Amino acid sequence: MTEASSPQAAAMVRRIYDEANVDPLNMAFILDLYAPEFLHNGRPMSAAMWERMAESVYGSFPDAKQEIKDLSVEGDLVWTRYVMRGTHTGSLTLRDRVVPATGKRFEVWGMEMRRIEGGKFVELWSSDVMGQLLPQLER
């Protein structure tokens, strides 16, 4: 299948959020849903890279949960608007510094667009939520 139907595409995205809320470090669903090499914000990403990213995020915010607020499918594209909430209980490593655990709760809103090809996600474009997150941790 080169293009998923709207219900199939929506179910694929809902599975990502559902699985991440239950066991974010279980990479089985990523391997099922994403092409072996896909683009994340225009850069190649592998399952191993995704796993390292998930370990960093959920190591810093182990209770983080995401909730889809809006979902739209058109052709081979799926857009989501989501909210993520959690508590900063582990060190957050950024490119230029480390933010020690603060114990503070956070809430960030984001948008993602995924493109499906051959029944797998081949592209993910996501908004940068650090501009919302860091001020909440540093106040």
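Two strands count as paired if DSSP finds at least two bridges between them. Helices (H or I, at least four residues) and strands (E, at least two) are DSSP runs, numbered from the N terminus. This is a predicted model, in which local features need pLDDT of at least 70 and side-chain atom pairs count only at pLDDT 80 or more, while totals for chains, interfaces and linings use all residues. Residues are numbered from 1 along each chain as its sequence is written, and side-chain values use heavy atoms, with hydrogens and water left out.

| Pair | Residues | Sense | Bridges | Opposite residues |
|---|---|---|---|---|
| E3 and E4 | 65–74 and 77–87 | antiparallel | nine | Val73 and Val78 |
| E4 and E7 | 77–87 and 105–117 | antiparallel | 11 | Leu77 and Arg115 |

E3 and E4 form a hairpin with two residues between them. Gly75, in the turn, has a positive phi of about 60°.

Helix H1 covers residues 6–22 and spans 24 Å from its first C-alpha to its last, close to the 24 Å expected (1.5 Å times one less than its number of residues). Its buried residues (under 20% relative accessible area, 1.4 Å probe, protein chains only) include Ala9, Met12, Val13, Ile16 and Tyr17.

The largest pocket holds about 1400 Å³ of space. Of its 38 lining residues, His40, Met53, Val57, Ser126 and Met130 are the closest to its centre. A pocket is an open set of points on a 1 Å grid over the protein atoms alone, where a 1.4 Å probe fits, with protein on both sides within 12 Å along at least five of seven lines; lining residues have an atom within 4 Å of a point. The volume is the space filled by probe spheres set on the points, which are joined across faces, edges and corners. Helix H3 (residues 47–60) gives the largest share of the lining, eight residues.

Methods:
Buried < 20%, exposed > 50% of the residue type's maximum accessible area, 1.4 Å probe, protein only.
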